[in-house]
Amino acid sequence: MAASFEQMRANVGKLLRGIDRYNPENLATLERYVETQARENAYDLEANLAVLKLYQFNPAYFQTHVTSQILLKALTNLPHTDFTLCKCMIEQTHQQEERPIRQILYLGNLLETCHFQSFWSSLEENRELIDSIAGFEDSVRKFICHVVGITYQTIDRRLLAEMLGDPLDTQVKLWMNKYGWTEDENGQVFIFNQEESVKPKNIVEKIDFESVSSIMATSQ
């Protein structure tokens, strides 16, 4: 299955490098490629942006489902700015009038502003959006762990579970092990030791005599 995806990626890559990059006749191929990315937990931003550009050039071909998949795949690549790039290529009418797209944009805003508990609550009410996106929730949890890692030194385990969308505390230990986080007897998870990460560095600037002479000459 991985081989078939790589073959498809290679074929799409050739298509995007050619003069037919924005030929609407290629949309069917590119849309199938988006579906394959969703199904096989793969990702190709360049191809997805080409689809959105083709929709801009050919509004009659616009597909809400494919656009939704592209946005959701972009969310799996946070903290990179893919989601913003994709959002900017979607007409405002579609953003406002197509319910799935509107809901995904709302979810994206919650993630980007780190309202993680609200994100999981809203996602629970719209789970049909991610039915076709393999690995979506774990990709989001990876992003949340990234944010936690650069924000906290210690965090309450219960809060961490809520942020990871795991109120029953069934997966927190797995993610703690993945990132090397430890827990004390009071339920505090040790994330990061700032003192250990700060290493003093001596900076030595070397200025030769000619440089000093030229500076003195210009100042006179």
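Biologist: By class, which residues does the lining of the largest pocket have?
Modeller: Three are nonpolar, five polar and two charged. This is a predicted model, by the way.

Biologist: Which residues line the largest pocket?
Modeller: Thr76, Asn77, Leu78, Pro79 and His80 line it, along with Asp138, Ser139, Lys142, Phe143 and His146.

Biologist: And what volume does the largest pocket have?
Modeller: About 190 Å³.

Biologist: Back to Pro79. Where is proline 79 found?
Modeller: Proline 79 sits in the loop between α4 and α5, the latter being residues 82–88.

Biologist: Is the peptide bond from leucine 78 to proline 79 cis or trans?
Modeller: That bond is cis, and its omega is near 10°. In general, most peptide bonds are trans.

Biologist: Switching to helices. At what angle do the axes of α8 and α9 cross?
Modeller: Roughly 170°, with the axes of α8 (residues 116–124) and α9 (residues 136–151) coming within 12 Å. So α8 is roughly antiparallel to α9.

Biologist: What about α4 and α7, how do they pack?
Modeller: Helix α4 (residues 64–75) packs against helix α7 (residues 99–112) at an angle of about 10°, and their axes are 9 Å apart. The two are therefore roughly parallel to each other.

Biologist: Which residues of α4 and α7 make that contact?
Modeller: Thr64, Thr67, Ser68, Leu71, Leu72 and Leu75 on the α4 side. On the α7 side, Pro100, Ile101, Ile104, Leu105, Gly108 and Leu111. By class, that contact has eight nonpolar and four polar residues, and no charged ones.

Biologist: Last topic, the sheet. In what order do the three strands come?
Modeller: They run β1-β3-β2 in an open sheet, and the pairing is antiparallel. The edge strands are β1 (154–156) and β2 (182–183), each of which pairs on one side only.

Biologist: How many bridges join β1 to β3?
Modeller: Three, with β3 covering residues 188–190 and running antiparallel to β1.

Biologist: And which residue in β3 is the bridge partner of aspartate 156?
Modeller: Glutamine 188.

Conventions
Residues are numbered from 1 along each chain as its sequence is written. This is a predicted model: local features need pLDDT of at least 70, side-chain atom pairs count only at pLDDT 80 or more; totals for chains, interfaces and linings use all residues. Side-chain values use heavy atoms; hydrogens and water are left out. On a 1 Å grid over the protein atoms alone, a cavity is a set of points where a 1.4 Å probe fits but cannot get out, and a pocket is an open set with protein on both sides within 12 Å along at least five of seven lines; lining residues have an atom within 4 Å of a point. Grid points are joined across faces, edges and corners, and a volume is the space filled by probe spheres set on the points. Ala, Val, Leu, Ile, Met, Phe, Trp, Tyr, Cys and Pro count as nonpolar, Asp, Glu, Lys and Arg as charged, and the others, Gly among them, as polar. Axes are lines fitted to C-alpha atoms, for helices over the stretch in contact, and angles run from 0 to 180 degrees between N-to-C directions. Helices (H or I, at least four residues) and strands (E, at least two) are DSSP runs, numbered from the N terminus. Angles under 35 degrees count as roughly parallel, over 145 as roughly antiparallel, 65 to 115 as roughly perpendicular and the rest as oblique. Contact means heavy atoms within 4.5 Å. Two strands pair if DSSP finds at least two bridges between them.
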